[in-house]
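Please keep the sequence and the structure at hand while reading.

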Amino acid sequence: MEYKIVKCVNDPKKFSKEIFEDLNIGVEIQDFASPYLLDNDWEDRLEEYKKLTEDFKGILSLHGSFLDLNPSSPDKKVEEITWNRYMQSLNIAKELKAEHIVFHSQINPWLKDPRLKEARNKITNVFWEKVMDSLDNYDINIIIENVFDNDPEELAILVDEIKQPNIKVCLDIGHANLSKETELKEWFDVLGDRIKYIHLHWNNKIFDEHNVPTDSNLKYFYSILKEYNICPIIALEYEVDNITEEVNRVREIFK
């Protein structure tokens with residue numbers, strides 16, 4: 001099984017069309033998740049990326065806005081800000097001809113009341129229905145990422161409640177490792193083939209370090225992929241000095 005690999009970047013200088021195409025990898029552009037960029041010269045950055053990615057043959061993904069946003073908020077002002085930022089992200093994705101866009105689940109793990117969870121999922125479903133209706137036939141995969149989530153069951157229910165065929169799960173391995181309640185394998189066991197995209201990075205299980213996975217980490221991760229027989233896109237969400245050496249290392253372990 002051959003896994004499609006994507007490298008996350010947050011600066012145009014970190015992307016080389018020639019190198020990425022030679023390695024047969026895609027790119028996930030993360031710059032536009034920053035509110036500081038979106039409130040300033042984001043149009044210039046967009047034009048720069050449009051030139052850099054023109055006729056790019058690999059997968060092109062975008063990370064959407066997330067800071068302090070919440071599509072399930074009952075506060076109409078918060079919903080309005082969330083809508084504006086999400087649509088801004090989607091419009092940027094459309095300009096870049098992105099195939100995938102990542103948004104955070106915004107699940108609050110402290111929300112325990114079943115009635116409040118049900119209300120959250122209903123509001124989220126309505127929000128995403130509005131988003132899909134606004135896309136004007138723009139065929140993009142929307143990938144919902146676990147962040148503060150402790151329970152994969154909540155993310156599974158949330159995505160199932162949304163009932164949109166092109167809204168699936170981005171399983172963030174580093175974030176899953178931070179869960180005190182759930183082992184990594186359980187995320188795969190519960191989410192299964194909802195997982196279409198993975199953010200791969202590692203940590204000390206204390207905070208979100210975005211460390212380079214060791215060979216041992218990669219072998220463990222690969223064993224889980226094989227056990228559950230899934231083939232998601234794998235986005236390397238950590239910094240490396242030599243992208244060629246890193247991609248070759250990952251592929252060697254994933255043989």
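This is a predicted model: local features need pLDDT of at least 70, side-chain atom pairs count only at pLDDT 80 or more; totals for chains, interfaces and linings use all residues.

**Helix packing and pockets**

Helix α6 and helix α8 cross in a right-handed sense.

**Helices α6 and α8**

- Helix α6, which spans residues 152–162, packs with helix α8, residues 184–191, at an angle of about 25 degrees, and their axes lie 9 Å apart.
- Because angles under 35 degrees count as roughly parallel, α6 is roughly parallel to α8.
- On the α6 side the contact involves Pro152, Glu153, Leu155 and Ala156, and these meet Glu186, Trp187, Val190 and Leu191 of α8.
- Sorted by class, the residues of this contact between α6 and α8 comprise six nonpolar and two charged residues, with no polar ones.

**Helices α3 and α4**

- Helix α3, formed by residues 42–52, and helix α4, formed by residues 76–96, pack with an angle of about 30 degrees between them and with their axes 10 Å apart.
- The helices α3 and α4 are therefore roughly parallel to each other, and their crossing is right-handed.
- Helix α3 contributes Trp42, Leu46, Tyr49 and Lys50 to the contact, while α4 contributes Gln88, Ile92, Glu95 and Leu96.
- The contact of α3 with α4 is made up, by class, of five nonpolar residues, one polar residue and two charged residues.

**The largest pocket**

- The largest pocket holds about 510 Å³ of space, and among the 26 residues that line this pocket, those closest to its centre are Gln30, His63, Phe66, His210 and Glu237.
- Strand β1, residues 5–9, supplies the largest share of the lining of the largest pocket, namely three residues.
- By class, nine nonpolar, nine polar and eight charged residues are found in the lining of the largest pocket.

**The second largest pocket**

- For the second largest pocket the volume is about 250 Å³.
- The lining of the second largest pocket consists of Pro109, Trp110, Lys112, Val147, Phe148, Asp149, Asn150, His175, Leu178, Ser179, Glu181 and Asp208.
- When the lining residues of the second largest pocket are divided by class, five are nonpolar, three are polar and four are charged.

Methods:
Residues are numbered from 1 along each chain as its sequence is written. Side-chain values use heavy atoms; hydrogens and water are left out. Axes are lines fitted to C-alpha atoms, for helices over the stretch in contact, and angles run from 0 to 180 degrees between N-to-C directions. Helices (H or I, at least four residues) and strands (E, at least two) are DSSP runs, numbered from the N terminus. Angles under 35 degrees count as roughly parallel, over 145 as roughly antiparallel, 65 to 115 as roughly perpendicular and the rest as oblique. A crossing is left-handed if the near helix is turned anticlockwise from the far one by less than a right angle, and right-handed if clockwise. Contact means heavy atoms within 4.5 Å. Ala, Val, Leu, Ile, Met, Phe, Trp, Tyr, Cys and Pro count as nonpolar, Asp, Glu, Lys and Arg as charged, and the others, Gly among them, as polar. On a 1 Å grid over the protein atoms alone, a cavity is a set of points where a 1.4 Å probe fits but cannot get out, and a pocket is an open set with protein on both sides within 12 Å along at least five of seven lines; lining residues have an atom within 4 Å of a point. Grid points are joined across faces, edges and corners, and a volume is the space filled by probe spheres set on the points.
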